[in-house]
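Hello,

Here is the structure I promised to pass on to you. Have a look at it first, and then read on for what turned up.

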There are 2 protein chains.
Amino acid sequence: MPTANPILIPELRVMLGEGDANGLREVARELHPATVADFSEGLEDAELWQLLDCLPVERQAEIFPYFSMPRQVELVQAADRSHLGPLIEWMAADNRDDLLRELDPDLVEEILPLVAKAERHDIRMLLSCPEGSAGALMTTEYASLPADITAGEAVARLRSQAPNSESIYYIYVLDSDRKLVGFVSLRDLILARPTALVSDLMQRDPISVRLEEPSDRVVEKLARFDFLAIPVVDEHNRLVGIVTHDDVLDTVRQDATDDAQRIAAISPLGESYLEAALVSMTWKRGVWLAILFATAALTAMVLAKWESPHVWLVAFIPLVIASGGNSGNQSATLVITALSTGDCKLSDWPRILRREFVLGLLLGGLLAIPGYCLALAYAPTAAAALVIPLTILGVVMMGTMVGSVLPLVFRSIGLDPALMSNPFVSAIVDIVGIVLYMLIALVMLD
Amino acid sequence: MPTANPILIPELRVMLGEGDANGLREVARELHPATVADFSEGLEDAELWQLLDCLPVERQAEIFPYFSMPRQVELVQAADRSHLGPLIEWMAADNRDDLLRELDPDLVEEILPLVAKAERHDIRMLLSCPEGSAGALMTTEYASLPADITAGEAVARLRSQAPNSESIYYIYVLDSDRKLVGFVSLRDLILARPTALVSDLMQRDPISVRLEEPSDRVVEKLARFDFLAIPVVDEHNRLVGIVTHDDVLDTVRQDATDDAQRIAAISPLGESYLEAALVSMTWKRGVWLAILFATAALTAMVLAKWESPHVWLVAFIPLVIASGGNSGNQSATLVITALSTGDCKLSDWPRILRREFVLGLLLGGLLAIPGYCLALAYAPTAAAALVIPLTILGVVMMGTMVGSVLPLVFRSIGLDPALMSNPFVSAIVDIVGIVLYMLIALVMLD
């Protein structure tokens with residue numbers, strides 16, 4: 001995220017101090033709304049509202065969503081209630097929905113009566129869609145036309161609807177029940193003869209997503225077909241909204257960070273690393289560290305029972321455990337990312353397990369060789385040293401199998417594979433690894 | 001990636017067998033190119049070429065990029081050379097560039113003479129841009145206009161240029177030296193009075209990226225400003241191409257997978273998990289497992305020197321190492337993802353280190369408590385048991401510090417933090433952790 005430009009802050013403060021509304025309007029008009037947000041982010045809440053108040057409400061509503069979400073929430077809480085009604089009304093439906101989901105429900109109930117009735121209905125509909133569904137991602141602002149008009153009429157109607165820039169390029173063709181029957185792009189309308197009928201230009205049965213479809217399916221479809229937007233329909237195939245490319249891009253970026261954090265056993269921060277509060281960060285890391293600690297404690301308890309006369313085996317404990325953990329971590333990450341990008345599906349499990357079995361054999365064999373060489377330096381005999389390579393082979397194979405099976409199991413019972421797999425992979429691989437080591441040593445040496 | 005639809009394959013084969021070119025044309029005309037690619041993916045190379053040959057070359061060029069990259073390469077290698085010239089000529093510049101980068105350079109030199117001269121120049125220009133730069137992501141197909149014409153003339157010119165759908169919605173305004181002076185959207189042109197001048201409608205000094213700018217900066221800018229495309233300029237501010245939203249989305253998705261794999265100590269596969277060859281997968285995982293094994297071997301060698309009379313300490317070795325490794329892994333992942341999404345910059349290092357120091361203290365303290373309880377069960381005295389919580393606190397703090405410093409160090413010397421950090425974090429945390437454990441035990445018990 002670009003950081004605030006500190007150079008412009010004093011200039012802005014002078015203009016605010018002098019009440020130079022014209023100057024401020026000029027600055028805000030010339031620049032992209034995102035740039036205005038970047039430049040003014042360093043101002044205090046009261047100063048920021050003073051700046052926004054100089055601008056027409058349409059412009060305020062354009063700039064507002066470009067502040068970071070915590071800042072938007074702060075600004076809403078600090079705001080005079082009379083400002084909020086018009087601002088909320090003018091904000092794009094999807095940005096507004098994102099903001100309202102972050103606010104205290106009581107505050108939302110306080111704000112809603114300030115909003116025009118038609119908008120209020122839209123807001124409640126979007127808020128009722130569960131997080132992570134197509135409905136929660138979509139906006140209700142889209143361009144639609146009937147099928148029985150000409151391209152020339154269609155362009156004239158679009159001119160008078162003047163939909164915002166997000167949604168004018170893709171136009172959805174609806175029948176009298178608002179059912180989605182076709183799709184036409186502004187490009188097609190512009191290039192067509194003005195007398196051509198929309199019904200002849202349109203593509204029939206356009207690709208769409210259902211209101212309740214999970215967001216990763218929305219991402220997959222939009223990315224696969226290179227769409228600017230994808231229509232969202234209800235169970236009767238009626239158009240209820242669209243998901244636009246920019247929201248999909250934001251979702252993908254956020255999901256990628258969340259997934260990486262989950263794989264590293266951190267509950268997703270959901271905000272920027274430097275902005276996250278220390279208390280919430282301690283909790284989001286601490287809870288998983290504690291779970292991982294509990295699994296390591298089990299390993300310690302198993303190990304405490306081991307009274308082997310072969311002291312040289314102790315030195316190899318971390319090596320044996322790490323070999324299993326590292327290969328298990330690799331397998332789990334590969335399967336988790338492949339599931340989340342749609343590269344493989346649950347039904348591919350036999351192929352996945354076959355692959356990981358073969359890979360475990362190859363990788364375990366590969367590591368067993370240097371393991372044997374190292375063991376020769378410490379073991380009393382060359383035969384005794386064989387404990388190490390055999391354990392490494394077994395532990396790596398178990399690591400790849402556990403690492404690939406667990407994400408599949410968690411996905412199949414509806415749990416998030418990224419968040420759940422890591423602690424369980426560690427727990428199983430560590431404990432079984434130690435037990436395997438003890439058993440192989442027992443059989444071969446005692 | 002959607003898998004091939006096996007149901008249609010027999011139908012397609014019948015049509016191919018009967019030489020039903022009209023039927024095949026019909027199928028390919030009605031469906032989205034991505035859907036045609038999905039449906040026909042299960043055909044043999046020769047059958048696929050037979051299908052493509054029934055279609056006009058424009059349509060072939062639309063469908064071709066929707067096959068997976070390995071399949072595209074296979075198809076090109078299997079192709080009659082006479083097919084390739086026109087196909088390559090008609091493909092969108094960015095898709096073509098992606099494909100040619102994957103081919104053997106000798107094959108590229110064989111194909112290029114078959115392509116029209118003007119296109120050849122474009123191809124060489126794009127191929128000369130280094131991987132991961134804006135230039136390698138961009139397409140040379142964009143709509144441009146001079147500033148001194150009216151909106152009505154502008155729309156008429158766009159009609160005659162009829163640029164492809166990727167690039168008609170954003171129009172770049174160039175001066176006589178092809179320098180980028182402004183930007184206007186098709187929406188603005190349609191909504192404006194037809195007699196309004198482009199120079200009055202356009203936004204001046206549009207946001208652009210330089211040809212050599214790294215792709216993550218391109219992603220950041222396009223995402224921040226919600227653009228459909230971002231213009232790419234050379235050192236004289238001349239427009240050389242655009243990067244479109246769909247290519248940015250593909251890049252983000254690929255980069256996210258690559259990063260997750262790097263963090264799990266896997267060289268990015270660069271292809272789908274199930275499609276990757278076993279040999280290359282063994283190599284991409286094995287090389288990092290071997291490096292991690294070498295660091296674990298060092299730990300074993302240090303541990304072999306430890307001749308402590310306190311046997312109960314052995315059971316806690318995996319627990320101590322895991323505590324450091326887990327917290328270090330968390331910190332490294334947080335810093336790596338924050339750097340790669342632009343959430344924080346190298347210059348934020350003092351804040352990052354301060355945060356991680358405090359977090360290390362908190363998390364280490366948190367884990368020290370159950371650590372002490374567990375130690376009480378095995379240690380001879382309550383005072384001796386203190387070795388465990390003290391070591392845990394030290395190891396966790398070291399983990400958070402090493403985990404956050406190393407990605408910053410690697411980024412500052414130009415190495416990929418995601419790929420390099422993991423093995424080094426493990427190596428340092430494991431060895432220092434064991435040494436710390438041995439030292440604390442020595443001081444407190446002997």
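A word on terms before the helices: axes are lines fitted to C-alpha atoms, for helices over the stretch in contact, and angles run from 0 to 180 degrees between N-to-C directions. Helices (H or I, at least four residues) and strands (E, at least two) are DSSP runs, numbered from the N terminus.

Please keep in mind that this is a predicted model, where local features need pLDDT of at least 70 and side-chain atom pairs count only at pLDDT 80 or more, while totals for chains, interfaces and linings use all residues. Residues are numbered from 1 along each chain as its sequence is written, and chains are lettered from A and ligands numbered from 1 in the order in which they are written.

Let's begin with a pair in chain B. α19(B) packs against helix α21 (residues 387-412) of chain B at an angle of about 155°, and their axes are 7 Å apart. That makes the two helices, α19(B) and α21(B), roughly antiparallel (the word applies to angles over 145 degrees). The contact of α19(B) with α21(B) has 20 nonpolar, six polar and one charged residues. Here Ala, Val, Leu, Ile, Met, Phe, Trp, Tyr, Cys and Pro count as nonpolar, Asp, Glu, Lys and Arg as charged, and the others, Gly among them, as polar.

Next, where the chains meet: 88 residues of chain B are in contact with 88 residues of chain A (two residues are in contact if their C-beta atoms, placed from the backbone, lie within 7 Å). On the side of chain B that touches chain A, α18(B) gives the most, with 15 residues. That side of chain B divides into 56 nonpolar, 19 polar and 13 charged residues.

Chain A has 22 helices and seven strands. Its radius of gyration is 29 Å, well over the 22 Å that the globule rule gives for 446 residues, so chain A is more spread out than a compact globule. (The radius is taken over C-alpha atoms, and the rule is 2.2 Å times the number of residues to the power 0.38.) The C-alpha atoms of chain A fill a box of roughly 90 × 60 × 35 Å, taken along the principal axes.

Finally, in chain A, helix α15 (residues 215-225) and helix α16 (residues 245-263) pack at an angle of about 120°, with axes 10 Å apart. Where they touch, A:Ser215, A:Val218, A:Val219 and A:Leu222 in α15(A) meet A:His245, A:Val248, A:Thr251 and A:Val252 in α16(A).

Best wishes

Technical notes
Angles under 35 degrees count as roughly parallel, over 145 as roughly antiparallel, 65 to 115 as roughly perpendicular and the rest as oblique.
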